[in-house]
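Here is a friendly tour of one structure, with a look at its charged pairs and at its ligand. Have the viewer open as you read.

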Amino acid sequence: MGRDSRTSQDQGYLLDNRQSEAGTRFEALSALFDASTFRHFETVGIDKGWHCWEVGAGGPTVPAWLAERVGPGGRVLATDIDVSWIGTAGAEGVEVLRHDVALDAPPEGLFDLIHARLVLVHVADRDAALRSMIRALRPGGRLLIEDADPALIPQICPDAYGPEQELANRMRRGFRRLLEQRGADLSYGRKLPRLLRAAGLVEVEADAYFPVTSPACAVLEAASVRQVRDKLVAEGLATEEEIERHLAAVASGRLDVGTSPMISAWGRRPAEDGLG
Ligand SMILES: C[S@@+](CC[C@H](N)C(=O)[O-])C[C@H]1O[C@@H](n2cnc3c(N)ncnc32)[C@H](O)[C@@H]1O
């Protein structure tokens, strides 16, 4: 199940984990979204001895939290197409596996809880990925998918009262264009409840959360723009001068940059079904 020439990463995951900014982005994502994710785990259920699969884990914090909650009798598997940031420090009790959720067969075993945050939106064959996750749920097991819906609130500065805010919103449009070119679905989050129901899950619910401004939003924005700046320029979506001006405005702290809305959707595989 290792990475090979077919992986989604090579086919175009935009925010390549091999770039040094990836670690900064994972820290910012953790600061922005972990509290909401952990609240959702409490809502869907999490208990000692559970087997959990964290899909597209990115950084270490979510698998580490799960490992603490399931205890030594449980299992936490953290997978990603690039596992270099999941790390081992603080991740006691976490199994790490390089795995492409769209292309590789589901890992061994059935899981009580499967979670993916900000992963499927990037995966071109997201239907196959979702099917694979649902197949890996034990009967009665829970799925929690948290994904962005950038099209729901297209502006990164909703209060676009001046040129810096307008530039930030233009930069964001360019960023989203790059995502779309690589097969991202910018309206994916809102579709999750019906997709989970159509896949046979029951007790499906969903809600949304997004920060409007915070220091971590600024860190995320700067790291994301740095990661894709060459592509923005190459595609004619921004000039080097605009990128520098935008990064300076973000660094100044006077720009209220937010993030895309995050839709969290969850459901349960019925105790008896034909999904296996
Ligand atoms: C935006 S990051 C989110 C990371 C983490 N889930 C979080 O919310 O902080 C997306 C992650 O999904 C991973 N990823 C992208 N395509 C994937 C695939 N086909 N299979 C598994 N992981 C994938 C990336 O390598 C990256 O670590």
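## A lysine and its partner

Lys191 has a relative accessible area of 23%, so it is partly exposed. The scale runs from buried (under 20% relative accessible area) through partly exposed to exposed (over 50%), computed with a 1.4 Å probe and the protein chains only. Lys191 forms a salt bridge with Asp185, and their closest N and O atoms are 2.7 Å apart. Asp185 counts as buried, at 16% relative accessibility. A salt bridge here is a side-chain nitrogen of Lys or Arg within 4 Å of a carboxyl oxygen of Asp or Glu.

## About the model

You are looking at a predicted model, where local features need pLDDT of at least 70 and side-chain atom pairs count only at pLDDT 80 or more, while totals for chains, interfaces and linings use all residues. Residues are numbered from 1 along each chain as its sequence is written, and side-chain values use heavy atoms, leaving out hydrogens and water.

## Other salt bridges

The structure holds 14 salt bridges. One of them joins the side chains of Arg254 and Glu164, at 2.6 Å from N to O. Arg254 sits in the loop between α8 (240-252) and β7 (262-268), and Glu164 in helix α5 (residues 163-181), so this pair ties together parts that are 90 residues apart in sequence. Helices (H or I, at least four residues) and strands (E, at least two) are DSSP runs, numbered from the N terminus. Arg254 is partly exposed at 47% relative accessibility, and Glu164 is partly exposed at 28%.

Within helix α8, Glu241 and Arg245 lie 4 residues apart, about one turn of the helix. Their side chains meet in a salt bridge of 2.8 Å, N to O. Arg229, Glu240 and Glu244 are linked in a network of salt bridges.

## Around the ligand

Which residues come nearest to the ligand? Of the 18 residues around it, these are Gly56, Asp80, Asp100, Val101 and Arg117; a residue is near if one of its heavy atoms lies within 4 Å. The shell divides into 9 nonpolar, 6 polar and 3 charged residues. Here Ala, Val, Leu, Ile, Met, Phe, Trp, Tyr, Cys and Pro count as nonpolar, Asp, Glu, Lys and Arg as charged, and the others, Gly among them, as polar.

A backbone N or O atom of Gly56 lies 2.8 Å from a nitrogen atom of the ligand, and for Val101 the distance from such a backbone atom to a ligand nitrogen is 3.0 Å. Arg117 places a polar side-chain atom 2.6 Å from a ligand oxygen. Taken alone, the ligand exposes 600 Å², and the protein buries 98% of that.

Conventions: Polar contact = N/O pair within 3.5 Å; in protein donor to acceptor, adjacent residues only side chain to side chain. Areas by Shrake-Rupley, 256 points an atom, 1.4 Å probe, with all protein chains shown as cover.
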